[in-house]
Amino acid sequence: MKYALISDIHANLPALDAVLAEIERIGTADVIYHLGDLVGYAPWPNETVERIRAAGIAGVAGNYDSTVATGYKHCGCRYEDPRQEELSHLSYDWTRHHVSDETRRMLGGLPFRIDLRPGGGHIDGPTVTLLHGNQTLNTVYVTANRPDAFLLKMGNSVGARRGDVVCFGHTHVPFHRIVDGVHFVNTGSVGRPKDGDPRAGFVVLLVDGGTISVEFLRVAYDVERTAAAILASDLPNDFADFLRFGGATPRAVESRA
């Protein structure tokens, strides 16, 4: 089985459309799953959720999805400074007031976790577990610098064995590590990358018996269309530059040039 895994779209409809078109173009995925955070930070929350529904893409609840659906007091996001916290609250308030009742119901119906058995449940074989954060909360950030002990605990908690795969998003930075025979895959972000690359990111995961292959793919999309829509909305203008620079500041990008 080949799975296309998309995560953290964050209401960026042009990025989602570009990724879905690329998945269709390369024609290698048997099925697509999303790993949550369909809404937030960009101006197409309802359209994004409808596109996912229309395409028949199943997936799990991100923290943004579950907090918007339940009317929680904030999105459960992590902040690095007061300005980032202020922007996050503005995005969350905007999103809560712009989602339709139908979108809210769909977000509230997303499961916390999905387990896949590529070889079928009638025989022993690898399991692919889909989460957003970690096995306990969809707000926990599983970053590349987490120690092996953290990932081992995560794997043990979901019942992962050697040859299994645990996939997640939330950090918007992709990585793949193998700890004690278990594959841990962060799928990155479709609509709001934070690794300095503004292109939309996704993963193609191949499970062929005991062979696991993880391919990270990036696709260019019309970032300026999304930036213009943000600027035309009541969302903070900062979100436009965030997308243009892939989550990096313009100064950081200039220093690497």
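This is a predicted model: local features need pLDDT of at least 70, side-chain atom pairs count only at pLDDT 80 or more; totals for chains, interfaces and linings use all residues.
**Exercise 1. Classify the ring pair Y41 and Y64, and say where its two residues lie.**

Solution. 
- Start with the count. The structure holds 5 aromatic pairs.
- Take Y41 and Y64. Their ring centres are 5.4 Å apart. Rings pair if their centres lie within 6.5 Å.
- Now the planes. They stand at 65 degrees, so the pair is edge-to-face. The cut-off for that class is over 60 degrees.
- Place the residues. Y41 sits in the loop between β2 (31–34) and α2 (45–54), and Y64 sits in helix α3 (residues 63–70). They are 23 residues apart, and the pair links distant parts of the chain.
- Check burial. Y41 has a relative accessible area of 10% and is buried. Y64 is at 0% relative accessibility and also counts as buried.

**Exercise 2. Which parts of the chain does the pair of Y41 and F239 tie together?**

Solution. 
- Classify the pair. Y41 and F239 are edge-to-face, at 5.3 Å centre to centre with 80 degrees between the planes.
- Locate the partners. Y41 belongs to the loop between β2 and α2, while F239 belongs to helix α8 (residues 238–244).
- Check burial. Both Y41 and F239 are buried.
- Widen the view. Y41, Y64, Y92 and F239 form one aromatic cluster.

**Exercise 3. Describe how α2 and α5 cross, and list the residues in contact.**

Solution. 
- Two packed helices are described by an angle and a distance between their axes.
- Distance: the axes of α2 and helix α5 (residues 101–108) come within 10 Å.
- Angle: the axes of α2 and α5 cross at roughly 55 degrees. α2 and α5 are therefore oblique to each other.
- Hand: the crossing of α2 and α5 is left-handed.
- Contact: α2 supplies P45, N46, V49 and R53, and α5 supplies T103, M106 and L107.

**Exercise 4. Is α3 enclosed or open, and what do its buried residues pack against?**

Solution. 
- Count burial. Of the 8 residues of α3, 6 are buried, so the helix is largely enclosed by the rest of the structure.
- Name the buried residues. They are N63, Y64, D65, T67, V68 and A69. Y64 is the ring from Exercise 1 that pairs with Y41.
- Find the neighbours. The buried residues of α3 pack against α4 (82–98) and α5.
- Look past the helix end. G71 follows α3, and its phi is positive, near 65 degrees.

**Exercise 5. Where do D8 and D180 lie, and what are their phi values?**

Solution. 
- D8 comes from the loop between β1 (2–6) and α1 (13–26). Its phi is near 50 degrees, a positive value in a residue other than glycine.
- Check burial. D8 is at 0% relative accessibility and counts as buried.
- D180 lies in the loop between β7 (175–179) and β8 (182–186). Its phi is near 55 degrees, again a positive value in a residue other than glycine.

Key: Residues are numbered from 1 along each chain as its sequence is written. Side-chain values use heavy atoms; hydrogens and water are left out. Rings of Phe, Tyr and Trp (its six-membered ring) pair if their centres lie within 6.5 Å; planes under 30 degrees apart count as stacked, over 60 as edge-to-face and the rest as tilted. Helices (H or I, at least four residues) and strands (E, at least two) are DSSP runs, numbered from the N terminus. Buried means under 20% relative accessible area, exposed over 50%, partly exposed in between (1.4 Å probe, protein chains only). Axes are lines fitted to C-alpha atoms, for helices over the stretch in contact, and angles run from 0 to 180 degrees between N-to-C directions. Angles under 35 degrees count as roughly parallel, over 145 as roughly antiparallel, 65 to 115 as roughly perpendicular and the rest as oblique. A crossing is left-handed if the near helix is turned anticlockwise from the far one by less than a right angle, and right-handed if clockwise. Contact means heavy atoms within 4.5 Å.
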